[in-house]
Amino acid sequence: YNPAFFVHEADIGFQLVSNLVCFLFTAELMIRCLAFEDKRNMLKDFWCMFDLLLVAFVVVETWVLWVLITAFGLEMSGGNIRILVVVRMMRLM
């Protein structure tokens with residue numbers, strides 16, 4: 001069970017798995033995008049664009065938020081982060 005609100009506040013095991021999953025999702029999307037001969041066809045593929053959106057949310061949640069909070073000392077509360085909880089639930093569907 002992970003009681004931490006952000007990945008960087010969780011135990012090291014949760015951080016490692018979260019970063020590994022984020023890296024693997026990003027690598028998988030890059031491989032799928034490179035598989036298209038005509039890169040414009042990638043923009044027409046619904047599932048590729050859907051995966052791009054999900055990977056963008058995962059990268060923001062895992063890496064970008066950590067950098068912003070650490071670099072600028074941002075204070076995030078539960079109310080500010082509710083939208084990410086909704087997005088996290090969308091990934092499960």
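**View 1. Helix α3 along its length.** At 1.5 Å a residue, the 27 residues of α3 should span 39 Å, and its end C-alpha atoms lie 36 Å apart, which agrees. The expected span of a helix is taken as 1.5 Å times one less than its number of residues. Helices (H or I, at least four residues) are DSSP runs, numbered from the N terminus. This is a predicted model, in which local features need pLDDT of at least 70 and side-chain atom pairs count only at pLDDT 80 or more, whereas totals for chains, interfaces and linings use all residues. Residues are numbered from 1 along each chain as its sequence is written, and side-chain values use heavy atoms, with hydrogens and water left out.

**View 2. The kink and the buried residues of α3.** Helix α3 has a kink of about 40 degrees centred on V60. The bend at a residue is the angle between axes fitted to the seven residues ending there and the seven starting there. Buried residues of α3 include C48, L54, V55, V58, V59, E61, T62, L65 and I69; buried means under 20% relative accessible area, exposed over 50%, and partly exposed in between (1.4 Å probe, protein chains only). Just after α3, G73 takes a positive phi of about 65 degrees.

**View 3. The salt-bridge network at R32.** Salt bridges (a side-chain nitrogen of Lys or Arg within 4 Å of a carboxyl oxygen of Asp or Glu) link R32, D45 and D51 in a network. Side chains of opposite charge can pair when their charged atoms come close. The D45 and R32 side chains meet at 3.8 Å, N to O. D45 lies in the loop between α2 (39–44) and α3 (46–72) and R32 in helix α1 (residues 12–34), so this pair ties together parts that are 13 residues apart in sequence. The side chains of D51 and R32 form a salt bridge at 2.2 Å, N to O. This second pair links distant parts of the chain, with D51 in helix α3 and R32 in helix α1, 19 residues apart. D45 counts as partly exposed at 25% relative accessibility, and R32 is partly exposed with a relative accessible area of 25%.

**View 4. The salt bridge between R40 and D38.** A search of the whole structure finds three salt bridges, one of which joins the side chains of R40 and D38 (3.5 Å, N to O). R40 is exposed, with a relative accessible area of 59%, whereas D38 is partly exposed at 30%.

Technical notes: Helices (H or I, at least four residues) and strands (E, at least two) are DSSP runs, numbered from the N terminus.
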